[in-house]
Amino acid sequence: MGKYITKRILLMFLTLFIIMTMSFILVKLLPLPAVREMGRDVNLILARREKMGYNKPILVQYYLFLKNVITEWDWGVGEQMYEGLNVWSVMMQKLPYTVLVNLYSILIAIPLGLGFGIYAALKKNKWQDHLISTLVMVFISVPSYVYAFLIQYFLCFKLGWFPLQLESLGKAGSLFSWRMFSSMIPAVLSLGFGVVAGLTRYTRAELSEVLTGDYMLLARTKGLTKAQAISRHALRNAMVVILPMIIGEFIGILGGSLIIENIFGIPGVGSLYITSINVRDYNFFMAMSMFYTFIGLASGIVNDISYGLIDPRIRMGSKK
Amino acid sequence: MKKLLALVLALCMVTGVASALAEGFELAASYEPGERVFDGGEITTVKAGGGTGSEMTTDVYPGVEGKDYTDEKVYTFNDYTAELTASTNWDPLSWETADDSAILDYISTGFYSFAMNTDKSGYSVVNELAAETAKDVTSEYVGKFGVAEGETGKAWRIALNKDISFDDGTKVNAYDFEYSIQQLLNPKIMNRRADSYYAGSFVIYNAKNYLYAGKTAYDLIADSAANLIAAGTDVYLDMSFWGLVGAADENGNAAPQYVNIADDTKYRDAAVEEGKDEAWVSAKYLYGTYLADGMPYASYASQYLYTASVAPETKWEDVGFKVIDDYTIDFILQNPVEEASFYIPYNLSSSYLVKKDLYESCKKFWDADGKEVATEEEASSITTNYGRTLETTVSYGPYKLTSFELDKEYTLERNDEWYGYRDGKHKGQYQTDVIKVTVINEHKTAMMAFEKGEIDGIALASEDMEKYGTSKYVKYGPNNGYTTKLSFNTNYEKLASRGTNSQVLVIDEFRQAFSYCYDRKEFATAYTAAGTAGFGLINELYCYNPFTGAYYRQNDYAKAGLLKVFDVKYGEGEDYATLDEAYAAMTGYDMPKAQELMKVAYDKAVEAKVYDGQSPIEIEFRVYQSDEIYVKMFTYLNEHLQEACKGSGFEGKVSLKMTADADYYQTNYSGGADMIFTTWGGATMSPFTILYECYCDASDGSGQQMEYGYDTSKITVKYVVDGNEISDTLQNWALWADASAPVESIESKLGKFTDYDYDTRCAFYSQMEAAFLSWYPTTAVYYRNTASMDSQKVQSGSDTYVTLVGFGGIQFMTYNYDDAAWADYIANNQLVY
């Protein structure tokens, strides 16, 4: 197992390097937006770009980029967005908001999703199952920003239960204060509905299938109660499929949601990547690309390892 | 049955003949629109008075009588910004965006400011960092700094306010201003705002040389390129001519701004598909193919070809800035400032002050390889984080920054060290104690926050107008002079290459018909928050006389110019008795006329073989995005265009196609769009510069001009000036009015544009505007305006918009409730607007 993990990690870094090289070269082939400012000296902007090394050959730029990242963890500064601000520092300032909102939504969504899924599976084809399945379809079909607007209008504006926007740190005192948490609830709910629905659907489907397995009959005939059979055998088998989905959700919390963050005034990373592409900010694009690539690759490894942990029959890297 | 067969046969024959005709049709290789001569009419000139111009008023609105502006209560103005990435740089020397300047406006003060006059009808000049009006001391510098004997208006002495201090109480004197301007022009920093003192009309002598000392500077050619080459001088092409600055060569090296025209290094033109002609082009190719004598764009050579010179090593002593004593400084300029009583305060309405010890501590030094070094002397470049965080920010304005959360919120509080709270000149102003600005990206959220009383002002969108359009709380104002127009591509080759028959756009009558086919008033009402019907290039906000604040659009000459464009007649025997009646009645909408013009356009297009008379015509309309409002605007225009085609050969054949393109301006600049919405505005005190800078600087889109293919160097405008006929190209006339470069052909006969009084300038200029519009390369749709509401908590200084002052801003804002009373009020009342 250890050898397998080491091999996967080494392969991950190789893949990361290849993607980084390709991304760097391809994005640098795109010219920066033309400078057009009436009555202004565009040479000042060109001088800034020169100072940032943008006129050097691409391979020289790549060498300097790699050197700065590896030796000083310096991802450069913004040029087209957050001009002059350290890219990594901007990301790290914004990431906690995204992580917290998404984390809360998942922590709330997992028990609810599993609970509804198990309940629906146990009540399969009864009215409770039909009700849950119908609601699941509704919540999966409707995009999260629709809930966001509805939640904001009814819970925040009409009823005044929550603030319209996330509280500022100045007001809330800290990211982990109750005031901050309560101001996150509308966004957490908006993000959570979809996750609850997804988990419910998966859990119900998997558990329904498992419950009809021969070994479940065997478990009951050997004397286990229904609850024992479900918790010890059915759920564990069903989790082989469900757990990677949950892990995937956790990985996804770093991605953020552009629309939800915009609606609730969350200064997270949701818009960073797309904006960096739109405005062609090389440094932000590279930092964000590498960050998400790393997360994606790492999540693949974690997912694969998780199979082995849930189901002992799966042996990672075993040749037998 | 036989009849039916005969009918089918006849139909087949007709179709066959038609298709045979179509198959035999050969599109014209080129299209020449014919000679374009515009009659500018007779002008009787009046010379300007010269000197410093009229005196500016200095009376200032004293505030609400009986109101206590200094009580102990707390008044907070809760504002918001919709920008996704809010302010990140409020360094006075290098700020970038409008949001950056929003913070800077509160934490800095200009040498002079413009404030609402007593009766709120206009603006007055107020001394701020300057203690008094600038004095012309040019005579003291004769023989130095390029000042010749007898010259005036080149050196200006500013006596400084002795009570200026930073927010920590540190006093400011003339040497702080000197240090700050030295840093602004520091060649190792290359501050973004350095050009404030050399790129505009207020040019400090040798400022640019100091900034670029020892580096290569590029200047526009002063002789023909051929002569320069023959004399062995290197000539450089500004690669923005073809939109290629930063484009990669085959080795991945980016194209610099200026490339020698002998250089054959090819750069990838991203606007052209790989494998097609001109996908890879060099400076040598572009010069030889387009800009050399006899080539299609030879007339633009003087705007895109440069000679290079190394900027001379310039010592600070040679820069036109002098400290006279602790509280007196001199600006010595390259060009004289005329009508200085307005233009000195106008040019010095901002400032550039930094705090020396903090600024020095914010510097980082780098060598040529990008390695950090210890001292400025060792460094080849310097970066700074001054004005990027709370800790690196210092104020010398009425407010100071007290909290900042990136992309979330910032707060400014009263800066008690600001001289204005003690000098007696700002009484009845600045009741606001705290300004809190929150980032709210979604308009609907901002609207809810406003209705809950959480923010104190809101910009209304078109969808809000039904609900709030008639509210007494709504304020209407111009949007910085912007006019939204439809701009057409009239480059035949570019249009024909698309294969959609959009080349019919080259027919003048087609575009003219388009201009008449939509109702501007209806359009503005339906699709904009507060826009009004637009007719000219220059909108209602532009002032042509800074001393009176008179609006260009209200000038009789300007009105007459537009009536000429839209063919509205007045006078004896005409539809309207007077100019004002005719102007008030002008709509620019005449569907029958549009339909008649379409018939003419059809015949002309077929005759000139730019159209086969049969095929469908698809005109691609590129827009920024395809959201609901754009779709509605597009649908309106498409339906009206098709209505205009009825009864002509174009009927049922013409359609618009909407394409969303976030880079639609860039696409348009390279001729890649058939038509787009274009918008120009800004610099509302300078209407006479907009025609040249926005509409006449390059017909191929490589400059600022968006009417691709419309070449103003091929339009002749003739005036009879004081009885003498004078003709020149529209491009030259516009440059003459712009006054940014000499136009020998006109100046030899008329002198400078600024030699004439403001009405005479309008007489000339209105005809230039009319000349540009007369062949319909663009047609105005609406003048942009803003509609906004103040909350019931606050009261703007003025209910109506005042030039240069707006509604009075935070300076003149007063409060109906303090924070505590407002919190109580909104907790117990439903706000109704």
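From the N terminus on, the elements of chain A run α-α-α-α-α-α-α-α-α-α-α-α-α. Chain A holds 13 helices and zero strands; helices (H or I, at least four residues) and strands (E, at least two) are DSSP runs, numbered from the N terminus. This is a predicted model: local features need pLDDT of at least 70, side-chain atom pairs count only at pLDDT 80 or more, and totals for chains, interfaces and linings use all residues. Residues are numbered from 1 along each chain as its sequence is written, while chains are lettered from A and ligands numbered from 1 in the order in which they are written.

**Chain A overall**
- The C-alpha atoms of chain A fill a box of roughly 85 × 60 × 35 Å along the principal axes.
- Among contacts in chain A with a separation of 6 or more, 71% join residues 24 or more positions apart (a contact puts two C-beta atoms, placed from the backbone, within 7 Å).

**The A–B contact**
- Chain A contributes 45 residues and chain B contributes 48 residues.
- Helices of chain A that each supply at least two residues to this side include H1 (2-29), H4 (87-122) and H6 (144-158).
- H2(A) gives the most, with six residues.
- By class, the chain A side has 23 nonpolar, 15 polar and seven charged residues (Ala, Val, Leu, Ile, Met, Phe, Trp, Tyr, Cys and Pro count as nonpolar, Asp, Glu, Lys and Arg as charged, and the others, Gly among them, as polar).

**Nonpolar cores**
- The largest nonpolar core has 142 residues (a core is a set of buried Ala, Val, Leu, Ile, Met, Phe, Trp, Tyr and Cys residues joined through C-beta atoms within 7 Å).
- A:Val101, A:Ala187, B:Met116, B:Ile204, B:Ala207 and B:Ala446 touch the most other members.
- Helix H8 (residues 178-211) of chain A brings the largest share of this core, 14 residues.
- A second, separate core of 98 residues includes B:Ala513, B:Tyr544, B:Tyr551 and B:Ile676.
- Leaving out residues up to four places away in sequence, B:Met116 touches several residues, including B:Val60, B:Tyr61, B:Tyr123 and B:Phe812.

**Helix H10 of chain B**
- In H10(B) (residues 443-451), the buried residues are B:Thr445, B:Ala446, B:Met447, B:Met448, B:Ala449 and B:Phe450.
- They pack against H6 and H11 of chain A, together with strands S2 (76-81) and S21 (457-459) of chain B.
- B:Gly453 follows H10(B) and has a positive phi, near 85°.

**Parallel strands around S26 of chain B**
- Five of the seven residues of S26(B) (617-623) are buried.
- S26(B) and S27(B) (654-660) pair in the parallel sense over seven bridges (pairing requires at least two DSSP bridges).
- B:Glu620 has B:Lys657 in S27(B) as its bridge partner.
- S26(B), helix H18(B) (628-645) and S27(B) make a right-handed β-α-β unit (with the strands pointing away from the viewer, the path from the first strand over the helix to the second runs clockwise).
- S28(B) (675-680) runs parallel to S26(B), joined by two bridges.
- B:Arg622 stands opposite B:Ile676 in S28(B).

**Antiparallel sheet of chain B**
- Three strands form an open sheet in the order S16-S15-S17, with antiparallel pairing.
- S16 (372-373) and S17 (381-384) each have a single partner strand, so one side of each lacks a neighbour in the sheet.
- S15(B) (363-366) and S17(B) pair over four bridges.
- The bridge partner of B:Lys364 in S17(B) is B:Thr383.

Conventions:
Buried ≥ 20, exposed ≤ 12 C-beta atoms within 10 Å, placed from the backbone.
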